Amino acid sequence: MDSELKREIILDNYNSPFHKGLKNEKGYIKANTNNESCIDNIDIELKIENGKVVDATFDGEACAISTSATSIFLRKIIGKSVLEVKELIKNYENLIDEKPYDEELLGELMAYDTIYMQPNRKHCALLPVDTINKILKEVESGD
Amino acid sequence: MIIINREDFPILNNDIIYFDNGATTLKPKCVIEAMNDYYYKYCANIHRGDYKISLEASNAYEEVRNKVKNFINAKSSNEIVFTSGSTDSLNKIVFGFMMNYLNEGDEVLLTKSEHASNVLPWLELAKIKNIKIKYIPLNDNHELTIKALNDTITDKTKVISIAHITNVVGDVRNINLISKIAHQHNIILVVDGAQSVPHMKTDVTLDDIDFLTFSGHKMLGPTGVGVLYGKTKYLEKMVPIEFGGGMNQYFEVDGKVEYKSIPTKFEAGTPPIAEVIGLGAAIDYLQTIGMEKIYNYEKELKKYLVSKLEKNPKVILYNKSTDSGVLAFNLEGIFSQDTAIYLDHYNICVRAGNHCAKILKDEINIKNTCRISLYFYNTKEEIDKLVEVLEKSDDLFKVIL
């Protein structure tokens, strides 16, 4: 992916993020993450039915990297099973940490493949993942 | 006009433009060398006096207490307590003094532009004692007015605890007048001096301040050391909240204890000796320049900064009128952190965020800003560079992504 395309993907998702605005309806599980090393602050809510993510929304104030990564993530996980979401998260974390990953699975998330060069921004890129993990943990401990 | 020799600050050789002085300041060589000197030549614990280097360390340590006393014009060096910083000082005041001084129903006045360290200890105390925390309303410029203060005081008000200069808005409060008003009502005035003591002349006697707190590292000194000033009559009533070596006279197995007198009884454990000595060197350095000169120069720099940034329609300024070197801003439509990261690409250091003033958002309706906080080693040339970089920020995302 060339850097022009990466920038375009990030900015598109930053300027018009997918499913921004929480529904706060019954059946949604919400989690918040405050980026400890900076000031990003987002809420994500997922609706999970029969082991599958059927809806996902988010809200909050965050930088271009966090906001766009959250937007791309939510678009990708709707319709996926919890297991598939976990697999995606694992590959994405590997991407950020310079470990082996499945490029095809990550798709647009490949826009963050050079984030490791800016260590202070890794947290920004991982913000949606930290938040989704919290929700998955709650789901697992809940029932 | 440049009022110092920039070569005194080794870190400036790295070609950085440092505009985050509200967070911490750069250190001149003389401060670092004073600390090295202690470690190399007379590294011993204090108050052990049986050998020469210990006596030398004790003398150096106590000499700084005297320097601080003169620097803020306290009446006695016994009124100067060394702490780990402003946060520690405020906690000691709240839990060592106010805990016993305040009674159920008493009111403490703060403002929404206070730093976390002057809010959270009070909120914690309010949980323990049934006291009421009230916020004096700020005006449209987010500044404290005397009228609002007068309107908020009731016969239950026992304490006013406010910053002399706030860390985001940067308004300079009229402490002299506020102290007069406070004392007319038998109210104790606690002044958070973290953002003022480094930048202007502080006179606790002239302004009749009851308690003052500040940090060494925001005034050229090292991290890990700060000061709690309290009038003798209040320190005599304050109790230690940390116990251990150095602060006790004697103790017995049956619990009979006698503590040392003020200020030593508030300095349990081995204090930050090197840091205190470093703070002494910082005070010497500041006094050689002169606090009035520093204050006037910073005001001039801020005016220059505002006049330049005002010409850029993309820049939103939040506090251009305040009389200190602090300016909060945003670029239109850009998240403050992205702006800070963009500036970092040009080696310009600014802070993005809520600057530990998390309740200020209720006032300015903006959670996050970029903050420029100036110090006397900053120059108009550095400001010109910032202005230039912000002017060509149309390619911001090209630079940071």
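At what angle do helix α3 (residues 82-96) and helix α5 (residues 122-142) of chain A pack, and how far apart are their axes? The angle is about 155° and the axes are 11 Å apart. The tour comes back to this pair after some ground rules.

**Before you select anything**

This is a predicted model, in which local features need pLDDT of at least 70, side-chain atom pairs count only at pLDDT 80 or more, and totals for chains, interfaces and linings use all residues. Residues are numbered from 1 along each chain as its sequence is written, while chains are lettered from A and ligands numbered from 1 in the order in which they are written.

**Stop 1: chain A as a whole**

Select chain A and colour by secondary structure. Five helices and three strands make up its secondary structure (helices are DSSP runs of H or I with at least four residues, strands are runs of E with at least two, and both are numbered from the N terminus). Followed from the N terminus, the order is α-β-β-β-α-α-α-α. The C-alpha trace spans about 40 × 30 × 25 Å along its principal axes. A compact globule of 143 residues would have a radius of gyration near 15 Å, so the 14 Å of chain A agrees (the radius is taken over C-alpha atoms, and the globule rule is 2.2 Å times the number of residues to the power 0.38).

**Stop 2: a loop residue in chain A**

Go to N50(A), in the loop between β2 (41-49) and β3 (52-61) of chain A. N50(A) is not a glycine, yet its phi is positive, about 50°.

**Stop 3: α3 and α5 of chain A**

Now select residues 82-96 and 122-142 of chain A, the two helices of the opening question. Axes here are lines fitted to C-alpha atoms, for helices over the stretch in contact, and angles run from 0 to 180 degrees between N-to-C directions. At about 155°, α3(A) and α5(A) are therefore roughly antiparallel (over 145 degrees counts as roughly antiparallel, under 35 as roughly parallel, 65 to 115 as roughly perpendicular and the rest as oblique).

Show side chains for V82(A), V85(A), I89(A), Y92(A), E93(A) and I96(A) on α3(A), which meet K122(A), A125(A), L126(A), V129(A), I132(A), N133(A) and L136(A) on α5(A). Contact means that the C-beta atoms, placed from the backbone, lie within 7 Å. This contact has ten nonpolar, one polar and two charged residues (Ala, Val, Leu, Ile, Met, Phe, Trp, Tyr, Cys and Pro count as nonpolar, Asp, Glu, Lys and Arg as charged, and the others, Gly among them, as polar).

**Stop 4: chain B and its domains**

Switch to chain B, with 13 helices and 15 strands. Its C-alpha atoms fill a box of roughly 70 × 55 × 40 Å along the principal axes.

Colour residues 30-288 as domain 1 and 290-400 as domain 2; domain bounds come from an automatic or database domain assignment. The domain centres, taken over C-alpha atoms, are 29 Å apart. Contacts between the domains involve 21 residues of domain 1 and 24 residues of domain 2. The domain 1 side has nine nonpolar, seven polar and five charged residues.

**Stop 5: a cis peptide bond**

Zoom to I262(B) and P263(B), which are joined by a cis peptide bond with omega about 0°. P263(B) is in the loop between β10 (257-259) and α8 (273-289) of chain B.

**Stop 6: two helix pairs in chain B**

Select α3 (residues 86-101) and α4 (residues 120-128) of chain B, whose axes come within 9 Å and cross at roughly 25°. That makes the two helices roughly parallel, and their crossing is right-handed. L90(B), N91(B), V94(B), F95(B), M98(B) and M99(B) of α3(B) make the contact with P121(B), W122(B) and L125(B) of α4(B). Eight of these residues are nonpolar, one is polar and none is charged.

Next select α9 (residues 291-309) and α12 (residues 380-391) of chain B; their axes come within 10 Å and cross at roughly 20°. The crossing of α9(B) and α12(B) is right-handed. From α9(B), L301(B), Y304(B), L305(B), K308(B) and L309(B) take part, and from α12(B), K380(B), I383(B) and V387(B). The contact divides into six nonpolar, no polar and two charged residues.

**Stop 7: where the chains meet**

Finally, show both chains. Eleven residues from chain B and nine residues from chain A form the contact. On chain B, α10 (336-344), β14 (351-353) and α13 (396-400) each supply at least two residues. The chain B side divides into four nonpolar, four polar and three charged residues.

Technical notes: Contact = placed C-beta atoms within 7 Å. Left-handed = near helix turned anticlockwise from the far one by under 90°.
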